[in-house]
Amino acid sequence: MPTRYRAFVHVVTHARAGAGRSELRTLVAVRGEGRPEAPRSSISPVSDSTALVHPTMPLERRVDVRQLAWAAWRDLVADQIWVATSGKAGIPELAIGAGGPCPNLGGGATVQCTIAAFKALLDGVFHPLVGNNRGQLDLSEQLAISLRASPVSGAILGFPGS
């Protein structure tokens, strides 16, 4: 039987005069009540499906950072971080504004917030970090993680240009 997670997506957009708009989508999923026992996160730029890479891959090997995704899974019981080294991930938008504006924004808020729905996909090969140290993978162990979820609730957070 598949493991069930509670998840949300948040999209952060920045608009700067002369620099255009940048966007970063993040999926956070947790399993367990109270203190989560296994959080999973996936970070994907604008594309709906893109290649997973290790976040410390040398810059000269990255084709275009906007076309890459990162994913990690943390086992809180074993205190072990697993990082994706290959595969694909995506967080495409399904419906924007379906739930209206985000609740509880104060009158002086400098962020624009809209409720949205997303689809989430992840097919990755994960390796544990040696001693949870960034960049040191234990290649003798691997874990395949596959995820399909729809709809996933979320919010789009916009920060106007300065």
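User: Which residues have the most contacts inside the largest nonpolar core?

Analyst: In soluble globular proteins, nonpolar side chains tend to be buried together. A nonpolar core is a set of buried Ala, Val, Leu, Ile, Met, Phe, Trp, Tyr and Cys residues joined through side-chain atoms within 4.5 Å. Buried means under 20% relative accessible area, exposed over 50%, and partly exposed in between (1.4 Å probe, protein chains only). Here the largest such core has 20 residues, and those with the most contacts inside it are Val9, Leu27, Leu52, Ala71, Phe118, Leu122 and Phe126. This is a predicted model, in which local features need pLDDT of at least 70 and side-chain atom pairs count only at pLDDT 80 or more, while totals for chains, interfaces and linings use all residues. Residues are numbered from 1 along each chain as its sequence is written, and side-chain values use heavy atoms, with hydrogens and water left out.

User: Which elements give two or more residues to this core?

Analyst: Strands (E, at least two residues) are DSSP runs, numbered from the N terminus. Strand 1 (6–16), strand 5 (68–75), strand 6 (80–90), strand 8 and strand 9 (143–159) each give two or more residues to the core. Strand 8 supplies the largest share, 5 residues.

User: How many bridges join strand 6 to strand 8?

Analyst: Two strands pair if DSSP finds at least two bridges between them. Strand 6 and strand 8 run antiparallel and are joined by 8 bridges; Ala89 has Leu122 in strand 8 as its bridge partner. Strand 5 is also antiparallel to strand 6, with 4 bridges. In the hairpin of these two strands, 4 residues lie between them, and Asp79 takes a positive phi near 50 degrees.

User: What is the arrangement of the rings of Trp73 and Trp82?

Analyst: Rings of Phe, Tyr and Trp (its six-membered ring) pair if their centres lie within 6.5 Å; planes under 30 degrees apart count as stacked, over 60 as edge-to-face and the rest as tilted. The structure holds 1 aromatic pair. The ring centres of Trp73 and Trp82 are 6.1 Å apart and their planes are at 50 degrees, so the pair is tilted. Both residues are buried, and Trp73 stands opposite Trp82 in strand 6.

User: Is His127 buried or exposed?

Analyst: His127, found in strand 8 (residues 112–128), is buried because its relative accessible area is 7%. The His127 side chain reaches the backbone oxygen of Glu141 at 2.7 Å, where a polar contact is a pair of N or O atoms within 3.5 Å; within protein, one must be able to donate a hydrogen and the other to accept it, and residues adjacent in sequence count only if both atoms are side-chain atoms.
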